Amino acid sequence: ILAGSLVLFLTDRLRYDLVALLVVLALVVTRTLTPEEAFAGFASEPVVVVACLCLFGSALSRWGVGEVITQRVFARRD
């Protein structure tokens, strides 16, 4: 599972979040983790915060806010 996840992360064939979910699923299927242990991570506050930050960053990127901020920062450097 570890080698497979490393290959998927390094080759960038699947999104990172999907690879992480597949790893958790594989650990549950092989009975390394119980379903309760697998879902316990999703209730963790740091996991929720990181997920929200990823969504927020993606939204800002789609709206072009990041590009506007970058242009303003570099315009002030000149």
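**A helical chain in questions and answers**

Student: In this predicted model, how does the reach of helix α2 compare with the span expected at 1.5 Å a residue?
Tutor: Helix α2 covers residues 16–29, which gives 14 residues. From its first C-alpha to its last, helix α2 reaches a distance close to the expected one, which is 20 Å.

Student: Which residue just after α2 takes a positive phi?
Tutor: The phi in question is about 60 degrees. The residue that takes it, just after α2, is arginine 31.

Student: How many helices and strands does the chain have, and is the chain compact or spread out?
Tutor: The secondary structure comes to 5 helices and 0 strands. For 78 residues the globule rule gives 12 Å, and the radius of gyration is well over that, so the chain is more spread out than a compact globule. The radius of gyration is 18 Å.

Student: What share of the residues counts as buried?
Tutor: The chain exposes about 6,800 Å², with 68% of it supplied by carbon and sulfur atoms. Of the 78 residues, the share that counts as buried is 4%.

Student: Which residues form the aromatic pair, and how is the pair classed?
Tutor: A search of the whole structure finds 1 aromatic pair. Its partners are phenylalanine 9 and tyrosine 16, with 5.6 Å centre to centre and 35 degrees between the planes. Planes under 30 degrees apart would count as stacked and over 60 as edge-to-face. The pair of phenylalanine 9 and tyrosine 16 is therefore classed as tilted.

Student: Where does tyrosine 16 stand in relative accessibility?
Tutor: Exposed means over 50% and buried under 20%. Tyrosine 16 is at 48%, so it counts as partly exposed.

Technical notes: Residues numbered from 1 in each chain as written. Predicted model: local features only at pLDDT ≥ 70, side-chain atom pairs only at ≥ 80, totals over all residues. Heavy atoms only, no water. Helix = DSSP H or I, 4+ residues; strand = E, 2+ residues; numbered from the N terminus. Rg over C-alpha atoms; globule rule 2.2 N^0.38 Å. Buried < 20%, exposed > 50% of the residue type's maximum accessible area, 1.4 Å probe, protein only. Areas by Shrake-Rupley, 256 points an atom, 1.4 Å probe, with all protein chains shown as cover. Expected span 1.5 Å × (residues − 1). Phe/Tyr/Trp six-rings, centres within 6.5 Å; stacked < 30°, edge-to-face > 60°.
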